[in-house]
Amino acid sequence: MRRFLPLLLALALLLCALPTAAHAAAPNGDVTAQIYDHAADAPGPATSLTTVRLYLDGAPLDGEMPAVIVGGRTLAPLRLLAEALGAAVEWLPDQTAQVRLTKGETAIALTLGAPTALVNGQSVPMPDGVPATLLSHAGQSYTMVPLRFFSETLGCTVSWDPGSYTAFVSTSAYIDPLLADLERPADPGRFLIAIDAGHGGSASGAFYDGVAEKALTLSMARKLRSILAALGFQMTMTRDADEYVDLYDRAGMANALNADLFVSIHCNAADNAPDFQGLYVYHYPNSDLGTALARSVQTAATARTGAVDRDIDHADFVVLRETAMPAVLVETGFMTCPEELARLLDDAYQTRMAQGVAQGIVQFLNEREKNRKSPLSIPDFMV
Ligand SMILES: [Zn+2]
């Protein structure tokens, strides 16, 4: 046994040196901070915390202190969040470390370090018992509150991108009323949609009239992300910048996160036919779920945009073949047709396109959920 000890020791040291899975996946870096120990009434030890990016109604929400993960939950700076959501903050003038937040008819009383809060006088447990707390970072003290608890109590929708560690808060005013009325699966946060903006970086895609396909696809993909977030779905993007991402890596990202659907956004070109226009949606050959998703997206997107309906088709594209979930590639329109290019550049048209794609996704998932309970259900999510 003795001779194995050095090996075991080496293995133990190696395991200690490896970052945890959560750390390895965290893309926004860490901050060093001290979490206040409210029971001991003293600052805790300096600790490294994973940071989370915040979006409010589709736009980044930044402050001097980032949101961080504590106890598996995102804590956000109270002042930043309260100001952004228009909630009044009032500290109770005693030693109980209590803060009262009010917005409209809702009053939340939080005690720092306590696992329950009072919402309009009723005791409500905090998710996972993670309390609001004081945190010091870079010589400053911040009151941090559980993001989901705080936002949902004030009537917002909270969504999560597990790929970029970004939390999306959406106010009810931001939710497209047409989509808000759509029948959708219960608890949409169970579903993770991978959104793939075609091309990027050195791969411009089609290029006409000074317009690069990669810019149009990223713009539409971001709109789709905001809409899906506002509807409560989890989503992730294979790229969120003008950067080159390999096609196999795009599929790999969706597979690694175990996404439920994969939707790739592209623009088309037909060099010899400048009048040719319209919308195609591609799926992988013989994929029943891919075909159903393509049909759903094609129908909703053409209805929303008024684009010429070029129907669905199958293709052996890498992102359709290598993804382990129902996948579609939306060719939103022809950049070679001057009329259609003008529409693709129009912000309102891009929004309608994103709304249409989102509607197709929601209807597909809703149908699947309904059918799942019947004897004719398709039992497996995999293509
Ligand atoms: Zn393309």
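User: Which residues are linked with Arg53 in a network of salt bridges?
Analyst: Arg53 is linked with Arg222, Arg225 and Asp240 in that network. A salt bridge here is a side-chain nitrogen of Lys or Arg within 4 Å of a carboxyl oxygen of Asp or Glu. Please note that this is a predicted model, in which local features need pLDDT of at least 70, side-chain atom pairs count only at pLDDT 80 or more, and totals for chains, interfaces and linings use all residues. Residues are numbered from 1 along each chain as its sequence is written, and side-chain values use heavy atoms, with hydrogens and water left out.

User: How many salt bridges does that rule give?
Analyst: The count comes to 18 salt bridges.

User: What is the N to O distance between Arg222 and Asp240?
Analyst: The side chains of Arg222 and Asp240 meet at 2.8 Å, N to O. Helices (H or I, at least four residues) and strands (E, at least two) are DSSP runs, numbered from the N terminus.

User: Which residue forms a salt bridge with Asp242?
Analyst: Lys214 does, with the closest N and O atoms 3.2 Å apart. This pair links distant parts of the chain: Asp242 is in the loop between strand 18 and helix 7 (247–256), and Lys214 is in helix 6, 28 residues apart. Lys214 is buried, at a relative accessible area of 15%.

User: And what about Lys370, which partner does that residue have?
Analyst: Lys370 forms a salt bridge with Glu367, and their closest N and O atoms are 3.4 Å apart. Because the two residues are three apart in helix 11 (residues 347–372), about one helical turn separates them. Lys370 is partly exposed at 42%, and Glu367 is partly exposed at 40%.

User: Changing topic: which residues are the protein donors of the zinc ion?
Analyst: They are His199 (NE2), Glu213 (OE) and His266 (ND1), lying 2.1 to 2.2 Å from the ion. Along the chain the donors follow the spacing H-x13-E-x52-H. Donors are N, O and S atoms within 2.8 Å of the metal (3.2 Å for Na, K and Ca); water is not among the atoms, so sites may look incomplete.

User: Where are the two histidines, His199 and His266?
Analyst: His199 is in the loop between strand 15 (192–197) and strand 16 (207–208), whereas His266 is in strand 19 (residues 261–268), 67 residues apart. His199 counts as partly exposed at 23% relative accessibility, and His266 counts as buried at 11%.

User: In what order do the six strands of the open sheet run?
Analyst: The order is 18-15-19-22-20-21, with mixed pairing. Strand 18 (234–237) and strand 21 (309–314) stand at the edges, each with a single partner strand, so one side of each is left without a neighbour in the sheet. The twist averages 20° from one strand to the next. Two strands pair if DSSP finds at least two bridges between them.

User: How many bridges join strand 20 to strand 21?
Analyst: Four bridges join strand 20 (residues 279–283) to strand 21, and the two run parallel. Within strand 21, Ile312 stands opposite Val281.

User: Which strands does helix 6 lie across?
Analyst: Helix 6 (residues 213–230) lies across strand 15, strand 18, strand 19 and strand 22 (327–334), and runs at about 145° to strand 19. Axes are lines fitted to C-alpha atoms, for helices over the stretch in contact, and angles run from 0 to 180 degrees between N-to-C directions.

User: Which residues is Leu329 in contact with, beyond its neighbours within four places in sequence?
Analyst: Leu329 is in contact with Ser264, His266, Tyr280, Val281, Tyr282, Phe317, Val319 and Leu320. Contact means heavy atoms within 4.5 Å. Leu329 has its place in strand 22 and counts as buried at 5% relative accessibility.

User: Last one: what does the domain assignment give for the chain?
Analyst: The assignment gives domain 1 (27–153) and domain 2 (175–372), with bounds that come from an automatic or database domain assignment. The centres of domain 1 and domain 2, taken over C-alpha atoms, are separated by 36 Å.

Terms used. Buried < 20%, exposed > 50% of the residue type's maximum accessible area, 1.4 Å probe, protein only.
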